[in-house]
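The following note sets out points for a colleague examining this model. Please read them alongside the sequence and the coordinates.

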Amino acid sequence: MPAVSKGDGMRGLAVFISDIRNCKSKEAEIKRINKELANIRSKFKGDKALDGYSKKKYVCKLLFIFLLGHDIDFGHMEAVNLLSSNKYTEKQIGYLFISVLVNSNSELIRLINNAIKNDLSSRNPTFMCLALHCIANVGSREMAEAFAGEIPRILVAGDTMDSVKQSAALCLLRLYKASPDLVLMGEWTSRVVHLLNDQHMGVVTAAISLITCLSSKNPDEFKTCVSLAVSRLSRIVSSASTDLQDYTYYFVPAPWLSCKLLRLLQCYPPPEDGAVKGRLVECLETILNKAQEPPKSKKVQHSNAKNAILFEAISLIIHYDSEPNLLVRACNQLGQFLQHRETNLRYLALESMCTLASSEFSHEAVKTHIETVINALKTERDVSVRQRAADLLYAMCDRSNAKQIVAEMLSYLETADYSIREEMVLKVAILAEKYAVDYSWYVDTILNLIRIAGDYVSEEVWYRVIQIVINRDDVQGYAAKTVFEALQAPACHENMVKVGGYILGEFGNLIAGDPRSSPLVQFNLLHSKFHLCSVPTRALLLSAYIKFINLFPETKATIQEVLRSDSQIRNSDVELQQRAVEYLKLSSIASTDVLATVLEEMPPFPERESSILAKLKKKKGPGAVSVELEDGKERGELNGGGDRAGDAAIAASNASTPSPSADLLGLRSAAPVSGATPSAGSLLVDVFSEAGPAATSAGVNDDGFLSALHAPEASDSPLVEGPGDSDSAPPTAASEDPAPLPESDELLNKFVCKNNGVLFENQLLQIGIKSEYRQNLGRMYLFYGNKTSVQFVSFNTTVSCPGELQSQLNVQTKTVEPLVEGGAQVQQVINIECLTDFIDAPLLNIKFRYGGALQNISLKLPVTINKFFQPTEMAAADFFQRWKQLSQPQQEAQKIFKASHGMDTEVLKAKLLGLGTALLENVDPNPENYVCAGVIQTKAQQVGCLLRLEPNAQAQMYRLTLRSSKDTVSQRVCDLLAEQF
C-alpha cells in the first residue's frame with residue numbers, strides 16, 4: 001500500500017487485513033470477504049454521500065481483496081471520483097485502483113482520460129507525476145491515442161520540473177513500446193535529443209532510455225545524439241568521484257548513466273567526425289585504464305559498478321570492430337578475468353571473448369588464452385561457465401588448433417553434463433567437418449563421437465557424415481573399413497549401426513577382398529545387431545541387405561532366407577513387412593541388369609550449408625517457438641532452398657535423393673514416388689526422413705506432396721480439405737476484425753524468400769511459421785507460443801481472404817486449442833490452394849484473453865504469389881527466344897532502385913533461389929547479371945516468368961526486369977523482389 005501521512009491511517013483497513021490474516025481456513029476467509037463486500041456495496045449504494053476518506057478506505061479494501069485473487073465487479077466509479085480529489089492520498093489511491101483493475105475496454109476510460117488531462121494541465125508536479133505513472137502502468141492503445149501528443153510537450157517544456165520530466169520520459173517510453181505507430185516524435189526530436197545536455201542527471205538517465213529505444217527503430221532520425229552522448233560520457237569518465245557526488249555509487253561516478261550511454265552508442269556505427277571519434281576512443285581507453293587501477297573500496301558494489309561499465313565499453317569496442325589496439329587491450333583485460341575468483345566475472349569474460357574471437361583484429365589475441373579456457377572446461381564447478389568455455393573454444397578454433405580443440409572437447413564429452421552434451425556434439429561435428437584436411441580424421445572423429453555420446457548424436461550429424469563420405473571417393477574405403485571395425489564392439493550404439501548399415505550397403509565391396517571382412521562376414525555382423533534396433537533402423541538394415549544382393553550375388557540365398565522368415569514377412573510393423581515382401585520379390589524376379597540399375601550407388605549430393613550448423617543455430621534460438629532465422633543469408637533457409645534444389649538434383653540423376661542438409665529447419669524433404677525404383681527410394685527415405693520410414697510412407701500424399709512436419713493429425717488428411725470436413729474452418733470474409741498491424745507489410749516481406757522463422761513477437765505472444773509448397777498447393781504450420789506464466793483463455797484464430805482474394809485462394813484451417821498454458825505452445829495447420837494469381841495476402845486474426853483483458857492481433861499471412869513457382873531450367877538460346885516473345889509492354893515490369901543491403905554474390909543467389917525460380921548459369925552475356933526462369937502454378941493456368949537482375953556495384957544500384965505471360969504477375973513479382981535487395 002502507498003505511504004500515508006501520520007493521522008491519515010485507515011484503521012478500518014488495518015482491522016480488515018488483520019481479520020483476514022487471522023482466518024483459520026479458506027472458507028472463513030471467503031466468508032469474511034463476502035461480508036466486507038456486502039458492507040462496501042451497501043455503503044456505495046446508500047443515500048448518504050460518502051466523504052473522500054471513506055471512499056478511499058473502501059476502495060483500498062476492494063484493492064486488497066482483488067490482490068487476494070477475488071474478482072471485483074464494482075467500485076470503479078468511486079475510484080474514478082477519487083481522481084478529482086485535491087488530496088494527494090485520495091488521488092493516489094484512485095490512480096492505484098485504476099492502474100490495477102481498469103482495463104482498456106472499460107466504459108469509464110473516457111472519464112479517466114479527462115481526469116488525467118486535468119492533472120496534466122494542473123501544473124502541480126505531484127499530480128502530474130501521478131497521472132503520468134497511471135498512463136505508463138495502463139499503457140493501453142487508447143491511452144497512447146489520447147496522450148501521445150501531449151507528453152512530449154511536457155517533456156521538453158522549459159518550465160516543467162525535473163521530477164516530472166523524468167516521469168514523462170519513462171511514460172513516453174512505455175507508450176512507444178506498446179504502440180510505436182502512435183508515438184511520433186516529429187518536431188520534438190531535436191529537443192528530446194538535447195535532453196542529454198540537461199543539468200539534472202536524473203532527467204538525462206530517464207531521457208537516454210527513451211532515446212535508445214527510439215534510436216534502435218529510427219537511427220537516422222536520432223543520429224545527432226551520438227556527439228552529445230560522447231560529450232556527456234567524456235564528462236562522466238574524466239570526472240572525479242566528488243564532482244558527481246549525488247550520483248556517485250561506491251566511488252564510481254554515475255555508473256547507470258555511463259552504461260546507458262555506451263549502450264546507446266552501440267545503435268550506431270563509429271562516428272564519422274574525427275574529433276568526436278577521437279574523444280570517444282579516449283573515453284574507452286580511460287575506462288580500460290581505470291579497470292587496471294587498484295580498487296578504491298573492497299565492497300562488492302564498487303567492483304560491480306566498475307565492471308558493469310567496463311563490459312559495456314568492451315561491447316562497444318566489439319561493435320565498432322575498427323580499433324585493433326582497443327580490441328587487443330579488451331581481450332587482454334578479459335583474459336585477466338578468466339582466472340578471477342568471482343564466477344560471474346569468469347562467465348562474462350568467456351562470453352565477451354566469444355564475440356572477440358570473430359574479429360580479425362583480436363582472433364590471434366584470443367587464441368593465446370587457449371590453455372586457460374581448456375582448463376576452465378575441465379575444472380569449473382559451474383555448468384554455465386563450462387558451457388561458455390566450450391563456446392569460446394568453438395569460436396577460437398581454426399586450422400592451426402582444430403585437432404587440439406576437437407580432442408579436448410571429445411575428452412570432456414565423456415564426463416560432460418547431460419544438459420550440454422547435445423550442443424557439444426554438434427560443435428565437435430561442425431569443427432571436424434570445417435577444418436578437416438584429412439577426411440579420414442573426420443570419419444574417425446565422428447565415429448568416436450557416436451561411441452562416446454551416441455544418445456546425443458542427432459540425425460543431422462550422421463546424415464552429414466554419410467553425405468561427405470558419398471561425395472568423396474578418397475575416403476569411402478577407409479570409412480567402410482573403420483565402421484566395420486567399430487561395429488565389432490560388443491556394445492554398439494544404434495546410431496553406429498545406422499551409419500554402418502548405410503556405408504557398408506553402399507561401399508562394402510571396397511573391403512570385401514579381405515577375408516576378415518568378406519561379404520558374408522559383413523552381413524552377419526550387421527544382422528547380429530538387427531534384433532537390438534528400433535523399427536526405423538531395422539528398415540534401414542533391410543534396405544542395406546537388398547543392396548548387398550546387388551553388390552555380392554553370393555549372399556543372395558542367405559539374405560532371401562532372412563527376408564522370407566516369419567519375423568520379417570509377417571512382422572507386426574507394416575513398414576518392415578512391406579519392405580521384406582517387396583525386397584524379396586525384387587531379388588527373385590529382377591534380372592541382374594535391372595537389379596543393378598534399381599540399386600545403383602548413390603549419386604553425390606549437391607553441396608549446401610551443413611544441416612548440423614543449422615541445428616546448432618536452432619538450439620541457440622531464444623524462443624520456444626522454433627527458431628529465429630531472420631537475416632535471410634543462410635541459403636538453406638530460403639524458400640525452396642532445400643526442397644527445390646533437391647528436386648533439381650532428383651530430376652538430373654533420376655534418383656529419389658533428398659539431401660540430408662537440404663532442410664535446415666527440420667522440414668522433411670519430399671519422398672518422390674518413383675515406380676521404377678521403389679527400393680532405392682525406400683532406402684533413401686530411411687536415411688533422411690525425420691520420423692522414420694513408417695511416418696514417411698504415411699505422410700506422402702497421392703500427389704507426392706510433402707508430408708506433415710510435426711503434426712500427426714495432418715499426415716492423414718488431404719491437402720485441401722472439403723467443406724464437409726468437421727475440423728476445417730471455411731474461410732470467412734473480414735468483418736469486425738481490426739486492420740492488420742502497421743508492420744504487417746514489413747513482416748510479410750521478410751518471408752518472400754524464406755518459408756520459416758518468427759512471424760510476430762510481442763511481450764505476450766510469439767508466432768513461428770513453417771511452410772512448404774508444391775505446384776499450386778501449400779501447407780503452413782503456425783506455432784503460437786505463450787511467453788508469459790499466465791494461461792491464455794478463449795484463444796481463437798481466424799484466417800480470412802479479403803475482397804477478391806476469396807476467389808483467388810482457397811484456404812482451410814484446422815481449429816486450435818482454446819486454452820494455451822503459460823510457457824506452452826500450440827500448433828495450427830493451414831492448407832492453401834492457389835486458384836489463380838493474386839496480389840493481397842490472407843489476414844490472420846488472433847483473439848484471446850490475458851489476465852481478463854481481451855487481446856486482438858491482426859497480421860498478414862506470408863502467402864505470396866512466388867510461393868507457387870516451379871523452377872525451370874533453360875538453355876541460353878531458349879531463354880532469349882522466350883524473352884523476345886514476351887516483348888509486349890504490358891508483359892514487362894521493371895524497377896531501378898538503390899541497394900538497401902550489401903551486394904554479396906552468394907546472398908543474391910540465395911535470395912533468387914529462395915524466390916522459387918531456377919537460377920540459370922552462363923546465360924546472360926554479362927557474367928555480373930543474374931537470370932532466372934520459373935512457372936507459377938495455379939489451378940486455372942500456368943504463368944511462365946523470366947527474370948533479369950542487373951547489379952551495378954559501383955553505383956550501388958539494381959535494375960530488375962520481369963517478363964511474364966500475365967501483366968499482373970510481372971508487376972507483383974517485381975514489387976516483391978525489389979524489396980529484398
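Is Gln956 buried, partly exposed or exposed, and at what relative accessibility?

1. The model is a predicted one. In it, Gln956 counts as partly exposed, because its relative accessibility is 31%, which lies between the limits of 20% for buried and 50% for exposed residues. The residue sits in the loop that links strand E16 (942-952) to strand E17 (957-964).

2. Ala254 lies in the loop between strand E2 (252-253) and helix H14 (255-265). With a relative accessible area of 4%, Ala254 is buried.

3. As to overall composition, the protein contains 42 helices and 17 strands. Of its 981 residues, 55% are buried. The accessible surface comes to about 43100 Å², and carbon and sulfur atoms account for 50% of that area. When contacts between residues at least 6 apart in sequence are considered, 70% join residues at least 24 apart.

4. The largest nonpolar core comprises 219 residues, and within it Ile116 and Leu449 touch the most other members. Leaving aside neighbours within four places in sequence, Ile116 is in contact with Tyr95, Ala131, Cys134, Ile135, Met143 and Phe147. Another core, of 62 residues, lies apart from this one; Val752, Ile767, Tyr784 and Ile830 are among its members. In soluble globular proteins, nonpolar side chains tend to be buried together.

5. Helix H28 (residues 519-528) has Pro519, Gln522, Phe523, Leu525 and Leu526 buried. Seen down the axis of H28, these buried residues fall within an arc of 160 degrees, so they line one face of the helix. The packing partners of the buried residues of H28 are helix H26 (473-486), helix H27 (494-507), helix H29 (535-551) and helix H30 (556-564).

6. Three strands form an open sheet with antiparallel pairing, in the order E7-E10-E11. Strand E7 (793-800) and strand E11 (853-860) stand at the edges with a single partner strand each, so one side of each has no neighbour in the sheet. Neighbouring strands of this sheet are turned by 10 degrees against each other on average, direction ignored. E7 and strand E10 (residues 843-850) pair in the antiparallel sense over six bridges. For Val793, the bridge partner in E10 is Arg849.

Definitions and conventions: Residues numbered from 1 in each chain as written. Predicted model: local features only at pLDDT ≥ 70, side-chain atom pairs only at ≥ 80, totals over all residues. Heavy atoms only, no water. Core = buried A, V, L, I, M, F, W, Y, C linked by side-chain atoms within 4.5 Å. Buried < 20%, exposed > 50% of the residue type's maximum accessible area, 1.4 Å probe, protein only. Contact = heavy atoms within 4.5 Å. Helix = DSSP H or I, 4+ residues; strand = E, 2+ residues; numbered from the N terminus. Areas by Shrake-Rupley, 256 points an atom, 1.4 Å probe, with all protein chains shown as cover. Pairing = 2+ DSSP bridges. Axes fitted to C-alpha atoms, helices over the stretch in contact; angles between N-to-C directions. Arc of directions from axis to C-beta.
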